[in-house]
Amino acid sequence: MEQQKLPNATISIVLGIISFIGCCCTSGFGGVILSGIAFFLAKKDEKKYIENPDLYSNYGQVKTAKIIAIIGLVLGLIIVGVFIYMKATGQYDSMMEDYMEMIEDMKQNQ
């Protein structure tokens, strides 16, 4: 019997990698969502593989995807926690004001 590839292995890796970018661009929320989806898909493929290991050939990709998704999830949760803390203490607003002043100064100097 010819071995098949697990269907969600590649997309899990791609989503896990994109979740790193989502952590930086969306205050961590995008990273948490993307890595959560990647982790779910990797676990789904892992269950398929455990049911019939002789049928599938790319289990190594699934393990890699699961690790990347866990790293993205942890990183995203840390960034979300920092974002919530900064919003709760008012540090985020003052940081954004300083950032906007810096941009205005750069525009005037050019």
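Tutor: The radius of gyration is taken over C-alpha atoms, and the globule rule is 2.2 Å times the number of residues to the power 0.38. The model discussed here is predicted.

Student: What radius of gyration does the protein chain have, and what would a compact globule of 110 residues have?

Tutor: The rule puts a compact globule of 110 residues near 13 Å, but the protein chain has 20 Å. The C-alpha trace spans about 70 × 35 × 15 Å along its principal axes.

Student: Which elements make up the protein chain?

Tutor: The chain holds 4 helices and 0 strands, in the order α-α-α-α from the N terminus on.

Student: Why is α2 called roughly antiparallel to α3?

Tutor: Helix α2 (residues 29-51) and helix α3 (residues 59-89) pack at about 155°, with axes 8 Å apart. Angles over 145 degrees count as roughly antiparallel, so α2 is roughly antiparallel to α3. Their crossing is left-handed.

Student: Which residues make the contact, and what are their classes?

Tutor: On α2 they include Phe-29, Val-32, Phe-39, Lys-43 and Tyr-49; on α3 they include Tyr-59, Ile-70, Leu-73, Leu-77 and Phe-83. By class, the contact has 15 nonpolar, 5 polar and 4 charged residues.

Student: What percentage of the residues of the protein chain count as buried?

Tutor: Buried means under 20% relative accessible area, and 30% of the 110 residues count as buried.

Student: Among contacts between residues at least 6 apart in sequence, how many join residues at least 24 apart?

Tutor: Of those contacts in the protein chain, 73% join residues at least 24 apart.

Conventions:
Residues are numbered from 1 along each chain as its sequence is written. This is a predicted model: local features need pLDDT of at least 70, side-chain atom pairs count only at pLDDT 80 or more; totals for chains, interfaces and linings use all residues. Side-chain values use heavy atoms; hydrogens and water are left out. Axes are lines fitted to C-alpha atoms, for helices over the stretch in contact, and angles run from 0 to 180 degrees between N-to-C directions. Helices (H or I, at least four residues) and strands (E, at least two) are DSSP runs, numbered from the N terminus. Angles under 35 degrees count as roughly parallel, over 145 as roughly antiparallel, 65 to 115 as roughly perpendicular and the rest as oblique. A crossing is left-handed if the near helix is turned anticlockwise from the far one by less than a right angle, and right-handed if clockwise. Contact means heavy atoms within 4.5 Å. Ala, Val, Leu, Ile, Met, Phe, Trp, Tyr, Cys and Pro count as nonpolar, Asp, Glu, Lys and Arg as charged, and the others, Gly among them, as polar. Buried means under 20% relative accessible area, exposed over 50%, partly exposed in between (1.4 Å probe, protein chains only).
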